[in-house]
Structure formats: C-alpha cells, structure tokens
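Here is a protein chain with its ligand, ready for a guided walk. Open the structure in your viewer and follow along, one region at a time.

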Amino acid sequence: MITERALALGKKRSTIREIFEYSMRRKREIGEENVFDFSLGNPSVPSPQAVTDCLKELIENETTVALHGYTSAAGAMAVREKIAKKTYNRFDFKANPELIYMTCGAAASLSCTLSAIAGEKDEVLVLSPYFPEYRVFIENAGATVVEVPTKRDTFTLDIEKIKNATNKKTRAIIINSPCNPTGVVYSEDDIIALSDLLKEKREQYGTHITVIADEPYREIVYGDVFVPYIPNYYDDTVVCYSYSKSLSIPGERIGYIMVSPQMQYAEDVFYAVCGAARSMGYVCAPSMWQRVVAECDGIAPNIEAYNENRTLLYNALTEIGFTAVKPEGAFYLFLKSPMPDAKEFCEKAKEYELLLVPSDDFGCGGYVRIAYCVEKSVIERAIPAFRELYKEIKNG
Ligand code: PLP
C-alpha cells in the first residue's frame, strides 16, 4: 500500500524541523519573547527593495497569462537569457541559457541534479559537516553517500582525505560554500587544489567526477571575502543555485540549475536534468518568481544586519568561554559543544529556552548550529541565558 522508504522518511522529521515545531509550541506556552529560537535558516532581513518594486510593476502591468501561466518546463527563455548574461557580467563565465533549468529552490536543484547524474553503484562525496538533506537526495537517486570530514580546526577542505575517498565509483562531490552549518568559505587555493585532484582522478580512472556547487549563500559573505565561482576552475560542474537566502524568499521556491557548457556531454547532462525534473514533477518553476529573479539576480540582502548579529554573537559567546570558528559567510555559527554529547547539550540549553541544533545530523558530532538570521534583540536577550547555561555546565 505504501513504500517503506517513503514512510520512514516521512515519519522521521528532520531534527531542525522538530526543534522548529517545538519552538512554535513553546512560544504559545510562555510567550514569543521568552523563547530564543536559533533553529531554522529562515532569513530575517527584509527582501531587497528591488524585489518589491519588481513584483508591484509585474502585478500592475502584466497579463494573467504572462504572469501566472505555464512557462516551458525548463523556465522562460527570456529569464534564462537574463540569468546567463548576469552570470557573465558577475563571474566572467559564459553560461548557456539553453543549459539553465529553473527550479523550486536549491532542494529541487540538488535532487534533480543528483537523480540526473548518479545512480546505483555510484558514490557521492559530501564534506562533513554538511546539510542533512543531501543524504535524502543522494539516496533517493539510488547512490551511496560517502562522508569526508573537513579539517576539524578550520572546517576547510582536507584534500588528502578527499583523495583517499575518491575511487572508480565516485560520481560527484557536493561543494557548499559559504557552508551551512559552519559559515566557512573555501579559499581559491582550496578550490584549485580540489580541481587539480579531481582532474588527476578522472585521468586515473577514466571516469567523470562532477562538482555539484550548492550555492544558496553565495551573496552572504562578510568583509571582502572572495567566493570562487567553481565553473571557472573545474569544467565538470553543475551549479545548484537558490534565491531563498539572497532575496529572503525561501517560501517562494525559486532557483536554478546551471550545467556548465564546458562540461563533457553538457547537452546530455542537461537533458538528463530535464528528465529527472520531469519525473519528479519539477516542471515550470513558479512563473511570476521567474520574472522577479531575472531582474533581481545578483542583488545581495542587507548583509550589515547579518554581520552585526554575527559579531555580537561570536564576541559574546567566545567571551563567555565557548569556542567556534568565526563564520565568513552564510548566517550560522558552529559552536563546539561544551558537553561531549551535543544532543545532551541542546537538551540542557532548552532549559534556558535556547533552541540550538545538535550537529549529529550534519555528519559530525560534538557541535551545535546556531542560525543567527534572527532579530538582533533576540541575540541580545539570549546572551545572559547562554552565560547561565555555560556556568551551570562548567560548575556541574
Ligand atoms: N543547500 C543548503 C546548504 C541549504 O542550507 C539549503 C536550505 O537551507 C538548501 C540547500 C535548500 O534551499 P532551498 O530553500 O532553496 O530549497
């Protein structure tokens, strides 16, 4: 009657979602202002003005069919052309609009891409700690997840470990920079070293290894940190982009897949993406939002608001005694758990109404993720609770 796999997936909610649900219940019980919910990566800064202006303009001036009608399955060609043009202007990379597929956010981009390129007997490398949904998408494609730890002191790429994990069956590696959950941005040197390694392995095994560049946080970086555009370094790349975070529109479900024209058999890869998307029902991404993102592609959110939160939280927590790598991008702080078991620590934090996500589901124990995409006042009110929590743990 029902498939066991789907049942198991549906029954076991993601830890992040569980905590978020708990937060809603708890807020009803004791008042919103008394719960410090750092669980979900829901952008807190308003969408850039350009998004609102564009929506208004479209609603006032477009016909129903132009605005709400079906586009072609891969998205409106005019939209894909604009995105390709902006990609060239921003990254000096010649994307081909014929190889861009509009999707419902990065989740759909990743699941379509993985189902298009990986299957049974294939292995997909993920760098731990990693976004937990990768496992769902990879396994849904029938492939096997291979976890490769990043360096434990910096969470940067451990090229030696990637080398040791790569074999004949390696079909792809997912690179997420800026990274959820660590906030780390992989340096140009690291991306070059990775690219050299993958080229060498490809030669050695006579196979294709695709880099899947999962980039929902591309625009969210602090200071003058440089985020290398991976297709400029490695030809066999598929970019999975989402506007959820950059334009603060995660509920609108819009993003795209860009198959690099430099990729071997690029056209066939694109057709496979079309086929995978079709079989999963991801055709014709929301048409009004296609139009909006075509105009607003490349616009960054109010980074200063996130930066203030980052500085306030990082400084306060390290001053209290916690340890963390200072994030360079995204809006997450990956904190070392002061207790050996991060889940136990999160349960203790709950007693102080601090809702944190244990790192176990990210493929790496002993840490917690704090999503600081919240109002600054939430962080200000939470700091005394963190202080008390730390004191209790250290004093036993
Ligand atoms: N990839 C990473 C690393 C994410 O953090 C997220 C969402 O938080 C996604 C993909 C999915 O993004 P979307 O909401 O665009 O589907």
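How far from an oxygen atom of the ligand does a polar side-chain atom of Asn180 lie? The distance is 2.7 Å. Before going further, please keep in mind that this is a predicted model, in which local features need pLDDT of at least 70 and side-chain atom pairs count only at pLDDT 80 or more, while totals for chains, interfaces and linings use all residues. Residues are numbered from 1 along each chain as its sequence is written, and side-chain values use heavy atoms, with hydrogens and water left out.

Let us stay with the ligand for a moment. Arg253 also places a polar side-chain atom 2.7 Å from an oxygen atom of the ligand. Ala106 takes part through its backbone instead, with an N or O atom 2.8 Å from a ligand oxygen. The protein covers 92% of the 400 Å² of accessible area that the ligand has on its own (areas come from the Shrake-Rupley method with a 1.4 Å probe; for residues, only the protein chains shown count as cover). There are 15 residues around the ligand, and those that come nearest are Asn180, Asp214, Tyr217, Ser242 and Arg253 (near means that a heavy atom of the residue lies within 4 Å).

Now turn to the strands. Helices (H or I, at least four residues) and strands (E, at least two) are DSSP runs, numbered from the N terminus. Two strands pair if DSSP finds at least two bridges between them. Strand 5 (170-176) runs parallel to strand 3, joined by 4 bridges, and Val124 stands opposite Ala172 of strand 5. Strand 5 also pairs with strand 6 (residues 210-214), again in the parallel sense, over 5 bridges; here Ile174 stands opposite Ile212. How many residues of strand 5 are buried? The count is 7 of its 7 residues (buried means under 20% relative accessible area, exposed over 50%, partly exposed in between, with a 1.4 Å probe and protein chains only).

Thr237 belongs to strand 7 (residues 237-242). Thr237 counts as buried because its relative accessibility is 0%. Leaving aside residues up to four places away in sequence, Thr237 touches Val211, Ala213, Ile230, Pro231, Met258, Val259, Ser260 and Met263 (a contact means heavy atoms within 4.5 Å).

Strand 11 and strand 12 (residues 367-371) run antiparallel and are joined by 2 bridges, with Pro358 opposite Val368 of strand 12.

Ser39 is found in the loop between strand 1 (36-37) and helix 3 (49-61), and is buried, with a relative accessible area of 0%. Not counting residues up to four places away in sequence, Ser39 touches several residues, including Val357, Arg369 and Ala371. The side chain of Ser39 also makes a polar contact of 2.6 Å with that of Asp37 (a polar contact is a pair of N or O atoms within 3.5 Å; within protein, one must be able to donate a hydrogen and the other to accept it, and residues adjacent in sequence count only if both atoms are side-chain atoms).

Finally, a few backbone details to check. The peptide bond from Ser128 to Pro129 is cis, with omega near 0 degrees, and Pro129 sits in the loop between strand 3 (123-128) and helix 7 (133-140). The bond from Ser177 to Pro178 is cis too, with omega near -5 degrees; Pro178 lies in the loop that links strand 5 to helix 9 (188-205).

Positive phi values in residues other than glycine deserve a glance as well. Tyr265 has phi near 55 degrees and lies in the loop between strand 8 (255-259) and helix 10 (266-280). Glu353 has phi near 65 degrees and belongs to the loop between helix 13 (342-350) and strand 10 (354-355). Which of these is buried or exposed? Tyr265 is exposed, with a relative accessible area of 55%, whereas Glu353 is buried, at 13%.
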